[in-house]
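Subject: Structure handover

Hello,

I am passing this structure on to you.

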Amino acid sequence: MDICAQKYGACVPNPVLEALGNNASNAESLVFPYPMMNTTTGPVFLGMTLGGVKTDDNGTVLSAKAIRVVYYLKESEANRSEVWLREFMRVFSENDTDFEMKLNQVSYFTSLSRQDEFEANSKKVIPLFSITYFLAIFFSIVSCLRFDCVRNKAWVAAFGVFSAGLSVLSGFGLLLYCGMPFAMTVANSPFLILGIGVDDMFIMIACWQQTKVQDSVEDRLAETYKEAAVSITITTLTDVLAFYIGIMTPFRSVQSFCLYTGTTVLFCYLFNITFFGAVLALNGKREESNRHWLLCMKVPTTSPAESSKAYSLCCVGGSYDPSTGAETEHPMNLFFKKCYGPFLTNVWTKVFVVLLYAGYLAASIYGCFQIKEGIDLRNLAFDKSYIVRYYDHEEAYFSEYGPNVMVVIPEEVAYWNRTVREDIDNCIGKFKNLSYIDQNLSVSWLQFYEDFAEKANININSQTSFIDNLMIFFRFFPDFKQDVHLSGDVINASRFFIQTVNINNAVAEKNMLTELREMAESCVVRLVVYHPAFIYFDQYLVIVNNTIQNIAVATAVMLLISLLLIPNPLCCLWVTFAIASVIIGVSGFMAFWDVNLDSISMINLVICIGFSVDFSAHISYAYVSNRKPKANDKAIDALYILGYPIVQGAISTILGVAVLAAAESYIFRTFFKIMFLVIGFGAFHGIVFIPVFLTFFGLCAKPSELNCEEKSRAEFQCRPNVELYNRNMVQFNNSNASLRHLNRSKMDPDCP
């Protein structure tokens, strides 16, 4: 009683229960209209109190399927009210089943529920991170396994994943220490960072494997940094820019996610070139002394006579390619060169790829027109949350009427002036004529007061008589007293209510909000429209424009980087084309996968740009940098260098977010869905569409220079040109280990 909001000395009652005398047995004998019921204190709207109502031709209630009971608490007793609410939720949660059995179905909701359940999402996803960590370590170790007990890099791969974990702790720790807000969407970030960190690790390992094993550890590490550091720097630059551009959005949740993720990517970069570099050096010391990867015991480099294959596999190691001095080549690179590349550049395969892309583009564009805006409030909680059942019941029984919107006059107005009152009445009349407003359910204290004055033959055209008679009016209709803020003889502010209808989707909510605000601005009197749900409706007004703006800015930045690093403007346009194609594909297939355009999916569309450029730009650069005269040969060589790294990087990133598919939250499942589309489409463009399209346009190729045979006759050697190619290749490397298998002696098979 002492913390409830009171009315006439008692807690604010439920109008239906009050009419029943708090006795359900009186229901059959009680007759009252719907949806507006007149009481002794004023009209009461029942649309939000009774649900699933059936009425007769006169509007009298015959039956109802649901009743909503609201218990209002005092704002002045905020601390005690919160304690009461916590206890209320505890009692209901512990006795939820009993309440359902006794009262059929009961759902409940408090002013704390939405925020509590939203924050609980992040706690429920924490156990999934351990699974992701295990998958990342497992995949990394498997990817780095070699049939050589010395060259095996299982421990290096494990520490690479550990390095990514350290970056998450450091980035999050720094920002939390600085007081940066932690939005629930940030909980997606560790899964993404893990994939990025593993990709960078693959680059470092790949470049290490290309060094000469007979060199000193210092020289091998210097050569690794010479090549890998540039590649990782470029990758970090594109990803960080994509995230920091996302900070421009007005959505705090998106800003928080982009800030935390962008900062953590920087830490990931620092740990890779420091901590992980030290791990590589220690591993190099082990390899230098030809020690076993697990036991650290010295092993022979050749198998003794009559030794078994198992012995040779487990106890003999340290082999390398004598012709290059580097470790032996990975079979997957040979697959892309000998099998996949020639198959993809076949004429009939190209025709099929063109038709496939046409189908992909058509489906994507169609999907873009089917995409829905807005977020269902049920999706802010995890699937089995009690508020999901509440929203289900609200939709089933109380969806006929939309928000009861407050129209506020936030300043002093001369209400006693007849002209001013007419202006206000005209504005209210215009609101009633809107398509989303029910004309018969609007409530205006001023109109009731004018009717009261007319019936009582009272003059209210002077300030004194208006204020004095207003006090008398409040005695008859005390409920209206809450709609007028009176200070002495001055009305500082007042409000009216209009009832919305036919608000059944995000488009209707957006149109309704737009119409109400436009109507408020057009009135002579300054008006403000408000409802607590407008905080969600507001995002519909800006989500599309902000998404397009962020994507356009990020794409322009990626194009600028491409122009700086790819020595061919036409190929830069191909990179931009690939980015646009991936974005269209992701946006279109979002609709097919039941993902709406909201602040959550907006985050992922910004990420889309950073990841799509990783796949397309480097394939284009590898193609344009190749000096072979035939376009097909250029495409095959580009796939030979980058095909396996793209696949490896795509798998590692998808594994980083795969466990989110099992999350009990729409937010995390949405993150997985869009990341899967981004990485899938990006990789497919990189190893299927772009290589084929590049072969159609010889303009993207550099003019062929003297081949090796001609240079040999001119007493030049081929090696310096290959080294020149390598130096150029380093300038724009793939974030998924484009230098992983860069074998200098085999960069141009035509060279001796």
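Predicted model: local features only at pLDDT ≥ 70, side-chain atom pairs only at ≥ 80, totals over all residues.

Disulfides

A search of the whole structure turned up 2 disulfides. One of them links C4 and C11, with an S to S distance of 1.9 Å. The torsion about their S-S bond is about -80°, so this disulfide is left-handed. C4 has a relative accessible area of 0% and is therefore buried, whereas C11 is partly exposed at 22% relative accessibility.

A disulfide is also formed by C427 and C523, whose sulfur atoms are 2.4 Å apart. C427 belongs to helix 14 (residues 418–432), while C523 sits in the loop between helix 17 (506–522) and strand 13 (528–530), so the bond ties together parts that are 96 residues apart in sequence. Both C427 and C523 are buried.

Two other cysteines

C144 is buried, its relative accessible area being 3%. C339 is partly exposed, with a value of 44%.

The second largest pocket

This pocket has a volume of about 850 Å³. It is lined by 26 residues, and those closest to its centre are F118, A183, R252, S253 and S599. Helix 4 (113–144), helix 8 (252–273), helix 18 (534–565) and helix 20 (599–625) each contribute at least two residues to the lining. By type, the lining residues of this pocket comprise 14 nonpolar, 8 polar and 4 charged.

Regards

Terms used. Residues numbered from 1 in each chain as written. Heavy atoms only, no water. 1 Å grid on protein atoms, 1.4 Å probe; cavity = no way out; pocket = protein on both sides within 12 Å on 5 of 7 lines; lining within 4 Å. Points joined across faces, edges and corners; volume = space filled by probe spheres on them. Helix = DSSP H or I, 4+ residues; strand = E, 2+ residues; numbered from the N terminus. Nonpolar A, V, L, I, M, F, W, Y, C, P; charged D, E, K, R; others polar. Disulfide = S-S within 2.5 Å. Buried < 20%, exposed > 50% of the residue type's maximum accessible area, 1.4 Å probe, protein only.
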